[in-house]
Amino acid sequence: MTDLVNQIKENVAKLQAPIRLMEVCGTHTAAIHRCGFPTLFKGEFEFLSGPGCPVCVTTPSYIDQLADLSNSIAVYTFGDMLRVPGNRTSLAESRAAGAKVNMMISPLEAVRRAAESSEPAIIAAVGFDTTAPAFALAVDYCVNNQIKNVYFLTELKTIEAPLKYLLNSAPAIDALVLPGNVAAVIGEQGFKFIENYRLPAVITGFSGTDILQALFILTASLLKNDTVIHNQYRRIVRAEGNQKAQKLINHYYEPCTSYFRGIGALAFSGLALRPEYAYLEYPVAYDVEQTGQALTSACQCGNVLMGRIKPPECPLFAVACRPDHPQGACMVSTEGSCAAYFRYGGGLP
Amino acid sequence: MKITKAHGNGGKQTAELLEKIFFPRFASAPLNSRADASPLHLQGQTVGQTIDGFVVSPYRFHGGDIGKLSVCGSVNDLAVSGYRPLFLSVAFMIEEGFEMEELDAIAASMQQIAGQCGVIIAAGDTKVVEKGALDKIFITTSGIGLPFDPCLPSFSRIQPGQSIIVSGDIGRHGACIYSHNQDFGFAETVASDCEPLVDSIARLKKAYNPVFMRDLTRGGLATALNEITTGNNFGIALNESTIPIDAKVNGLCDILGLDPLYLACEGRYVAIVAEDQEIEALSLLKTYHQSAAVIGKIVPEFPGKVMLRTRFAGTRLLDMLYFEMLPRIC
């Protein structure tokens, strides 16, 4: 381990530090901070977070919608959505006021649980490419078992569109760390488009050792000036990805425009149920006007998600915005970059 | 503002509830000690008093039940605060429809653990509520005890340089309850670490007189250590690679995205001892659990904070629990 750290530091010494590195996925952000890398590599790397935390990019109006529905219909959601603030309330607050909000471990488990009663239920379908197959499986279960009381409120997203949007804005970053879990589904091929942007990138797992290997690969790439998409996570990620999962997603979903908190609408960035399965989507009228809107005018979630600023540069950070009273989603989600900075102390004083 | 489940997680929001409501309302010298058991001064004699409510679901779990848990809870709070537990009072709140045999089984485990600890159950109360007014059975226990010796553990005795020992591997109770509450299709669950600590603490106290002890309950190791540093002029430096965690607990945490440092224990404690006694104190604790370990030091840097040196030699903050992590665990 120490050898690997030393090799990375030797590479960095030959480059212009700090190297500005963007981890696209919130799980990487949390892992980097949990491992203490901002202090271990202080002055050598700057870690910037990207738009790949599904909780962080979910819009306030989606939360409002779910919270409203939970007053009359049982809602099943992943636990990390509970405390995300909408414009009016959070699901945790609704639950405290008596609304029917249930935590789920997997969409399939939630569908089975919900189908046991004949009461109508809504599954909050939120996530990126990694989570989409799990929702497709749940939809598959509903279709095959003719479940009549379970609906989905679908807000699934794919990583390609926001990543392109980010790279097109010419951000000041030197290299990318790509999420191994997304790549496990979409494959190395799913990230090939990044080669057009001429910066090195590596598909990486989530352990500290995985991330150290990624840092080594990226620094070696920068020294050689190569701009290849590397795959550090070969034990899981194949070039073509998981074709069974891709087939399942394509069978039930089609691309659609979706909305990102702090960014707004992006074409082909979301997944919607295909028309023949749209009867499983809970019918709600979306308040499109509000979807991209930040919660308070001072909240910098959008800039944080685009890697333009680091969380402590937001005027609300650790003052008005803390994990116990978050103003934006990046402070709520355990994978949000603001929460990671707050909780783990960033580079520390 | 409404109470949410996060207010009961033993972490930051629970602390906020205490600061905003209970401490201002109930301010008293014993309460202000903020120990797991409060010191009462009765006619020249110091008596320790504690109370603990139990709402665990399921009420029967791998390695124990709500009865065992409720006796261990009060007994352990007294012991870590430096008191030999002597008498317990018990209140049962039962939902109509609960099986009499189940109640008897719970009472039997209380009887067994109380006997093992030399504690007398001296007073009790029973309430039955209509179906739906509570979930099956809740138990509250309150205990009193006398000091093991006149030198009580105290925040004021903590000094930089002292060593922190944990009495065994952490997070088993939380992992156990979590896996009971979710149908993972795992063949077996992790067994809870729920157990009385009186014997271990009595011997440690006599031989090495730890300056401070705290049992790890809701919020786990991270929360207990933060409670020790908060508001004090010293910090804690922990060494991640020395913190004992069972492979099964780690595996469960990996799958569920939980952090074992915040998982509840119900039969583990940390003891702060003088540096030159850490080896002997550790070998005593190892006779109870081989996994006991020295995990860190009291330091003058970072006052009020807990810093973790990671396995990768980076350093990061180890904060209190901010989020609801678990179903009802105790």
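Here are some notes on this two-chain model, point by point.

1. **Ground rules.** This is a predicted model, so to speak of local features pLDDT must be at least 70, side-chain atom pairs count only at pLDDT 80 or more, and totals for chains, interfaces and linings use all residues. Residues are numbered from 1 along each chain as its sequence is written, chains are lettered from A and ligands numbered from 1 in the order in which they are written, and side-chain values use heavy atoms, with hydrogens and water left out.

2. **Where the chains meet.** Contact here means heavy atoms within 4.5 Å. By that rule, 25 residues of chain B touch 30 residues of chain A. About 2300 Å² is buried between the two chains, with carbon and sulfur atoms giving 64% of that area. Buried area is the accessible area (1.4 Å probe) that two parts lose on being put together, summed over both.

3. **A salt bridge across the gap.** Between chain B and chain A the count is 1 salt bridge (a side-chain nitrogen of Lys or Arg within 4 Å of a carboxyl oxygen of Asp or Glu). It joins the side chains of B:D259 and A:R343, at 3.8 Å from N to O. On the side of chain B that touches chain A, the elements giving two or more residues are α1 (12-26) and β14 (315-317) of chain B. Helices (H or I, at least four residues) and strands (E, at least two) are DSSP runs, numbered from the N terminus.

4. **Helix α6 of chain B.** Take a look at residues 198-208: B:V198, B:S200, B:I201, B:A202, B:L204, B:K205 and B:Y208 are buried. Buried means under 20% relative accessible area, exposed over 50%, and partly exposed in between (1.4 Å probe, protein chains only). The buried residues of α6(B) pack against several elements of chain B, including α3 (66-80), β5 (83-95) and α4 (100-117). Just after the helix, B:N209 has a positive phi of about 40°.

5. **Strand β8 of chain B.** B:S163 and B:I165 point one way and B:I164 and B:V166 the other, and all are buried. β8(B) runs antiparallel to β11(B), joined by 4 bridges, and B:I164 has B:I272 as its bridge partner there. β8(B) also pairs with β12 (residues 293-299) of chain B, in the antiparallel sense over 4 bridges. Strands pair if DSSP finds at least two bridges between them. In β12(B), B:K297 stands opposite B:S163.

6. **B:K297 again.** Which residue does B:K297 meet in a salt bridge? The partner is B:E278, at 3.2 Å from N to O. B:E278 lies in helix α9 and B:K297 in strand β12 of chain B, so the pair ties together parts that are 19 residues apart in sequence. B:E278 counts as buried because its relative accessibility is 19%, whereas B:K297 is partly exposed at 24%.

7. Over all chains, the structure holds 27 salt bridges. One of them links A:E46 and A:K310, with the closest N and O atoms 3.5 Å apart. A:E46 is in strand β2 (residues 45-52) and A:K310 in the loop between α13 and α14 of chain A, so this pair ties together parts that are 264 residues apart in sequence.

8. Is A:G187 buried or exposed? A:G187 counts as buried because its relative accessibility is 0%. In contrast, A:V319 has a relative accessible area of 61%, so A:V319 is exposed.
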